[in-house]
Each structure stands twice: as C-alpha cells, then as structure tokens.
Amino acid sequence: MNRLRRVGLALLGPAMAIVVALIVTAIVIALIGKDPIAALRVMTDLGDTPSQQTQSIVVILNRAVPLFLAGLAVAVAFRMGLFNIGVEGQYRLATILAAAVGAAVTLPAPLHVLLIVVVAMVVAAVWAGIVGVLKVTRGVSEVISSIMLNFVALGIASFLLTGPLRGSAEGQSIVTTKTIPESGWFPGLNGVLTGLGLAEPRSELYGFLLVAIVIGVAVAVLLRRTRFGFDLRATGLSPSAARASGVDARGMVIKTMLLSGGIAGLIGMPELLGDVHEFGTEFTAGLGFLGIAVALLGRNSPLGIAVAALLFAFLDRAALPLQFADIPSSVVTIIQGTIVLAVVIANEIARRLALRSAERAGSSAAAPPPDSGGSGGGGSPPGDGPDGGRRAYTPVPGEQQGAQA
C-alpha cells in the first residue's frame, strides 16, 4: 500500500502539470477566437491513410530520441544536485567536431560509426568536465559556468563551421561541414516497421533509437544498482554525510559532470548519423534546453523521461498541422512552457504531501503503547513531557545552580 502511495505521489506532479497546461492552452485558444476542441482534434490527428499514420509515428519517435538523451544528460546531473545547463553547448560542439572527424576518415562501417560516437562523447564530456573542475577547485556555481560555456561552445562551433571545417561552397545560404561517407551512417529501422505489417514511411526511423534504449537501461542500472549510483545520490542528498562515510564528494562532482556530458554528446548523433550526415546552420538546435523540461517532467527517472520525451515530440509534430488548420503553432510553445512551470509547482506540492505523509508515519511508529510507562522506573516515558510529545528538557547541574541563584 505504501508503495502504491509513493507511486501515486510521484505521478501526481507530472499529471497535474499536463492538466494545467491543457487548461491554460484551451483558455488561450479560446481568447484568440479559435475552438480548443478543434485544435485538440488537429493535434491528435495522425493522418487518414496507413502511410500517413506510420509517417507521423516515425516523426514522433525520431524527435523523441534526442529529447530522451537530452533529458538523461540533465537528469544524471540533477540526481547529484547539479544543474547542467550547458547541455546545449556540449552537444552542439561535440556534433560539429564528430561530423568533421567522421568526414575526414574512411573506415569499415562499424568502426567508422563507433569513432564518430566516441569523439562526440569525449568532446562533450571534456566540455562538461570544465564545469565540474571549476566547481570543486574554485567554488564556481555550475549554473553560471555552464551557461557561460554555452556561449563559448556555440561561438567556437560557429567559427569552425564558417572557417576551418566548412565543407559547402562559398556563397551558399546553408553552410555545412563535409558529408560523412556512407560507412559512417547508422542504419535505419524501416525494415522493422514493414516487418510488423506497418506501411512504409517516407522518412527513415532512426536506428539510434536502439542505442538510446540501451543507454536508458544502462543509466537506470547505474543509478539504482551500483555503488557509483549510490555514492552519486548520497552526495547529492548530503555532501557532508557522504564525505563522512568515505565518499570522495569532490571527485563525484567531476565524475558526474563527465557522465552527464558524455550522454549529452549523443544528442546530435541520431540526426547526424541517421539523416543529414553533416553539421550545418540548419542542424536542430535547442534540444539541450528542452532536455531540462523533459527531465523535470520525467522526475529524473529514465522511464519517466522516455514518456516525457514522447509527449514533447508529439507536441512538436503537432505544430505543422496546427498551422495548416489556421491555428497559431505557438500553441505548442505555450503548452510546453506551461508544463515546465506547472511541473515545478506540482512537484513541490507532491514533495510536501510526501513529507507530511512520512512525518505522520514516523510519529505513529514512534508513539509508545499505552502500558509502556510501566512501574519499573522512576523516569517519565517518551511523550509524557510538558511539551506535548517530546521529553521535557532537564537542565544540567550547573544550570540548576544558576537558576537557584
């Protein structure tokens, strides 16, 4: 029963956030003279034909994969009590360097893909590690340093794209790196869809979906079933208590930022290896900031983050149909923004309810049975003091003498 109660309290925050977001969005749509029910119908319409429906599913899944990885990167730092706001810069810088390395070499397909992925993870991990080093050596807030490093990373990426790593011809409106050879492409999963009897979609389902699932399972096991995960969570709850139990709290900060950055380096890989095969000015941006919202909505749990990523991906896909229905696509932005605000408030309400429930359970467990006062001792049993629940404070002899004087 207690387990069900904990699960219910954990789900209360996200559920309340989604409900509040829908209500606020419906009010906004009504205020601009549109029908909220019609807007909801447009958003949930996946298409009329099997091919259109399959294509809609592929679009949602392809959008959810990088959002899921972004949410994981943020959540790992959150579990440590760190706010890695620099995920955006970490994955953008990692992606452009990985694209450049992938375009510069030719290797057998598995090794080529592995090299690109490793380069991306290492670059992002090193960039995130700077935040950890600054925090443990100079006491710099990770929020400030990661935000500032975002601007530095984006500036470096822009310089590299328009300078040393430029692969597109001069004068083109879209600037890109050189194209990665086919040996560095990650195979898609459309064959799996057709094998399941679904219609052939127009675009390819990212094969990196499988990698994202493996990463999610690995992170869940690492955080919940290993000594490293225990030390990480313990340090996040109380660094001083963790140090007292033998945990290197300073080292855990750096390790956590390296792990968070390594996952952040994977965010751009689905699109790079599964679709465009080059980094350019039109490469998807903003995934790092959306990852914060996804992690909050998913309550830093890999399973919850997966559900939140699917929800945000569903909302992103709905932006284009809303435009075709003459409904502002900014409705999607309103929903996402309201979810972020509502989930913070709802999580705080759920936390206070859980704390109050734990306090009631603790007080009932600490209450003595009626006959615990017994006749064997001269002292009063716990709870009999004049303060109505705690033993009365007894002054030491020196204090008694002072009071008499």
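This is a predicted model: local features need pLDDT of at least 70, side-chain atom pairs count only at pLDDT 80 or more; totals for chains, interfaces and linings use all residues.
Helices, as the word is used here, are DSSP runs of H or I with at least four residues, and strands are runs of E with at least two, numbered from the N terminus. Of its 405 residues, 40% are buried, and among the contacts between residues at least 6 apart in sequence, 73% join residues at least 24 apart.

**The nonpolar core**

The largest nonpolar core holds 89 residues, and those with the most contacts inside it are L67, I267, M269, L272, L273 and F312. Helix α3, which spans residues 50-79, gives the most to this core, contributing 14 residues. When neighbours within four places in sequence are left aside, L67 is in contact with L287, L290, V294, A309, F312, A313 and D316.

After α13 comes R299, whose phi is positive, near 55°.

**Two helices side by side**

Helix α5 (residues 109-138) packs against helix α6 (residues 142-162) at an angle of about 145°, and their axes lie 10 Å apart. The crossing in which α5 passes α6 is right-handed. On the α5 side, the residues that take part are W127, I130, V131, L134 and K135, and they meet E142, S145, S146, L149, V152, A153 and I156 in α6. Sorted by class, this contact has eight nonpolar, two polar and two charged residues.

**An aromatic pair**

The structure holds three aromatic pairs. One of them joins F78 and F83, whose ring centres are 5.3 Å apart and whose planes stand at 70°; because planes over 60 degrees apart count as edge-to-face, the pair belongs to that kind.

| Residue | Relative accessible area | Class |
|---|---|---|
| F78 | 14% | buried |
| F83 | 40% | partly exposed |

F78 is therefore classed as buried, its 14% being under the 20% limit, whereas F83, at 40%, counts as partly exposed.

Definitions and conventions
Residues are numbered from 1 along each chain as its sequence is written. Side-chain values use heavy atoms; hydrogens and water are left out. Axes are lines fitted to C-alpha atoms, for helices over the stretch in contact, and angles run from 0 to 180 degrees between N-to-C directions. A crossing is left-handed if the near helix is turned anticlockwise from the far one by less than a right angle, and right-handed if clockwise. Contact means heavy atoms within 4.5 Å. Ala, Val, Leu, Ile, Met, Phe, Trp, Tyr, Cys and Pro count as nonpolar, Asp, Glu, Lys and Arg as charged, and the others, Gly among them, as polar. A nonpolar core is a set of buried Ala, Val, Leu, Ile, Met, Phe, Trp, Tyr and Cys residues joined through side-chain atoms within 4.5 Å. Buried means under 20% relative accessible area, exposed over 50%, partly exposed in between (1.4 Å probe, protein chains only). Rings of Phe, Tyr and Trp (its six-membered ring) pair if their centres lie within 6.5 Å; planes under 30 degrees apart count as stacked, over 60 as edge-to-face and the rest as tilted.
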